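Morning, everyone. Please bring the structure up on your screens. I'll keep this short.

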2 protein chains.
Amino acid sequence: MIKVAVDCYGGDHSPNANVDGAIQALKEHSDLYVILTGDEEGIKKALEGKDYDKNRVEIVHAPMVITGEDKPTDAIRLKRESSMMKAVKILREDDTVCGMVSAGATGALVAAAVLRIGRLRNVIRPAFCPILPTMDGGIVGVCDSGANVDITADYLQQFAILGSTFLENVYNVKNPRVALLNVGTETEKGDVLRKDAFKLLSETKEINFVGNMESRDLLSGKYDLVVCDGFAGNVLLKATEGTAVELLTKLKKGIYSKLKYKIGGLFLKGMFKDMKSLLDYQNYGGSVLLGTSKTVVKGHGSSKSRALTKCIEQVYLMQKNSFNEKVEEKLDFIEAQRNN
Amino acid sequence: MIKVAVDCYGGDHSPNANVDGAIQALKEHSDLYVILTGDEEGIKKALEGKDYDKNRVEIVHAPMVITGEDKPTDAIRLKRESSMMKAVKILREDDTVCGMVSAGATGALVAAAVLRIGRLRNVIRPAFCPILPTMDGGIVGVCDSGANVDITADYLQQFAILGSTFLENVYNVKNPRVALLNVGTETEKGDVLRKDAFKLLSETKEINFVGNMESRDLLSGKYDLVVCDGFAGNVLLKATEGTAVELLTKLKKGIYSKLKYKIGGLFLKGMFKDMKSLLDYQNYGGSVLLGTSKTVVKGHGSSKSRALTKCIEQVYLMQKNSFNEKVEEKLDFIEAQRNN
C-alpha cells in the first residue's frame, strides 16, 4: 500500500474537493491508501453516499484550520490541532506514510515541511517544482519557483537533479532537457551566480544540460526543466500565468463587445475551449516540494477535485518510482566526486 | 532646436526605417534637428525623393557597423568609425546635441553610454525603462529591465525616481503609481533587498509608492511603474512578451486548423487587429536608458520607421520637458536629506 495524507481543509473548495479528489485517486490506483485530516464530521459528510473502498480510507480528526492570515511560525506552534499540522505530524511519525497533499497556506506548509519533516540526504534546501503546459502540448517544470531566494550555484545543480528525476519518474519525460534561466542564451550571460551555475551544470553528467534560456521561451516546448532562484522563478511563473489570464480575459471581453464578434466567438467556441483546457492548471497537479524526506505537494488554493486527484497521484508516482532513492543515489555520487 | 543623433545602421530594417523614422519625427516637431550617422551614400539614397526640411538634417559619415557578434568593449575600442560610436562621439563632444537613438547591439550601446557619456549628478547607475501596454489601454514602465544585475535598495529608490520622472514628462502620467516587484503583495515579503527597498521607497516623498506587486499584475493597469533589479526585470519583461506572442501564435494556428474556425476568425478579424495593435511594441518607442547625462534610446532590433519615430520623440520630449534637470533636482534633495 502507498499511504498518502490528505489535508482536507484550507482550500477554497474544501473539504468536498479534497475528499472527492481522494476518492477518484483511490479508484485509479488500487494500492493507494489515504488518510484524510480535518474536521471528522465535515469529512464524513463529504464522503456520505460516495462509492469508495472503505478499507483504504482513514480519517484523523483535526478541528482547526490554518489560513493565509496565520504567521507560518505561529501556525506550526499554535495550530497543532489543524488539518495541515496533523498531516505533517503523521508524515513525521508514521514510517508507512510517504507524503501529503494540501491546498492550504503555502508559508505554513513550507515552514512545517522544512522544520518538521527534514530533507533527503545531501539536499541543501528543498525547492518547489510546478509544472506548466507548453504550446506544443508538452510540459515544462520550473525549479525553484519560490522556496529559496538567496542561493548559490550548488543549489541550482541540486534543483536540476531534483527536477530532472521528478520529470523522469512522474511525467515519463526521458532525459529531460535542463536550461538555466538567464538574461540571454549566450554562454557568458548573467551575473556571477549564473556564470558559476552554467559551468557547474555543464559539468554535471547526471543531467542533460542544454544551456541558458530566456523567460520568453518558457512555453515554447524547447525545454523540459528550467532551473532558477526562487525569486526569478516566482516572477517567471506568475508573469507567464498572469499574461495568459489577462489576454484570454481581454479576448473574452472583446467577443462580448459586438454582435459580429459574438457570432465569431460561437464559431470558435471549440477552439477556445481546447485552449482553456490546455492552460488549466487543474490538469497538472500541484507544486511539489522536492528534496524533503517525504513528499509534500502544495495544491493551488482554488483546486477542485480533479487537481487534488492529480496532487495525490504526484505523491503516489514519486513513491512508486522510488524518487527519493534515485535522488539520494545521484547526490551521493556527486558528493563522492567532490570529495575526491 | 532640439538636436538628436540617429544611428542609421545596426537594425534589421536599417538604414531605410531609421531615415524614414527621422523624417516623420521632423514633420511632427518643427524644432527638431537630426544628425544621421552611418554610411553616407546609404543614408543619401534612403533620403532620396523624400520630402523633408533639409535645414534640419545633417549626415555624419561612418563606414562601419557594430553587430551582435562584436564584444562590447572591443566594439568601443576597435569600431570608432561605426555608425553607433560616431553618434556616441557626437553626444560626448557636441553640447548642443541632447541624445541619441540606436537600434543596434544593446551591449555595445550600454557600455558606450556608461563609459563615454557619463551619468547625471548623483545617479549611481543608469537603468533601462521600457514601456508596455496594459490591458486597460494604459501603459506601464519597468525599471530596470536589464542594465543592472547586482543592486541595493538605493538603486531601486533611484530607479523609482528616474522612472516616475520619465513617465510624468514623456507620457503625461500624473503622479505615477510605483510598485516594487516582489514574490507577494504583503509588506513583509521577499529577501533582505526587497524588505530594505520597501522601507526606503515608503519613506521617499518624491514618488507615489503603492507597495509590493506580483509579476502576474504587470498588465493589469494597477501600476504605472515597476521597479526591480535588472535580472528580475528582464525575466518579467520577456516572460510577459513571450507568453503574449506564444498565445497569439497558438490562436492563429488554431484558426487556420479548421474551416469552422476560419469563418469565426473572419468575424473576429477587427478584434484581433485591435489586439495586435495594442500589443505592438512599435507604438511605444524604445527602451530608454535613464540616468545618463545625455539620453540614449535603444530601439528594438526589428524596429520599423514608426518605432524609430517614437524613439526620437522620447529623446525630444525628455529634452523639451527638462527631464535631466528634474531628476537632478530630486536626487540633490534626497542626497541633502541623507547628509542631514
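A term before we start. A crossing counts as right-handed if the near helix is turned clockwise from the far one by less than a right angle. And a caution: this is a predicted model.

Now the helix pair. In chain B, look at α4, residues 83-93, and α5, residues 106-117. Their axes are 10 Å apart, at an angle of about 25 degrees. Angles under 35 degrees count as roughly parallel, so α4(B) and α5(B) qualify. The crossing of α4(B) and α5(B) is right-handed.

Which residues meet there? From α4(B), B:Met84, B:Met85, B:Val88, B:Leu91 and B:Arg92. From α5(B), B:Ala108, B:Leu109, B:Ala112, B:Arg116 and B:Ile117. By class, that contact has eight nonpolar residues, two charged and no polar.

Next, domains. Switch to chain A. Domain 1 takes 1-120 plus 291-303, and domain 2 takes 124-287. Their centres, over C-alpha atoms, are separated by 27 Å. Contact involves 12 residues of domain 1 and nine of domain 2. On the domain 1 side, α5 (106-117) and β12 (295-298) are the elements that give two or more residues. α5(A) gives the most, with three. The class count for that side of domain 1 is five nonpolar, five polar and two charged.

Last, the two copies. The same surface serves both: 97% of chain B's contact residues recur in chain A.

How values were computed: Residues are numbered from 1 along each chain as its sequence is written. Chains are lettered from A and ligands numbered from 1 in the order in which they are written. This is a predicted model: local features need pLDDT of at least 70, side-chain atom pairs count only at pLDDT 80 or more; totals for chains, interfaces and linings use all residues. Two residues are in contact if their C-beta atoms, placed from the backbone, lie within 7 Å. Axes are lines fitted to C-alpha atoms, for helices over the stretch in contact, and angles run from 0 to 180 degrees between N-to-C directions. Helices (H or I, at least four residues) and strands (E, at least two) are DSSP runs, numbered from the N terminus. Angles under 35 degrees count as roughly parallel, over 145 as roughly antiparallel, 65 to 115 as roughly perpendicular and the rest as oblique. Ala, Val, Leu, Ile, Met, Phe, Trp, Tyr, Cys and Pro count as nonpolar, Asp, Glu, Lys and Arg as charged, and the others, Gly among them, as polar. Domain bounds come from an automatic or database domain assignment.
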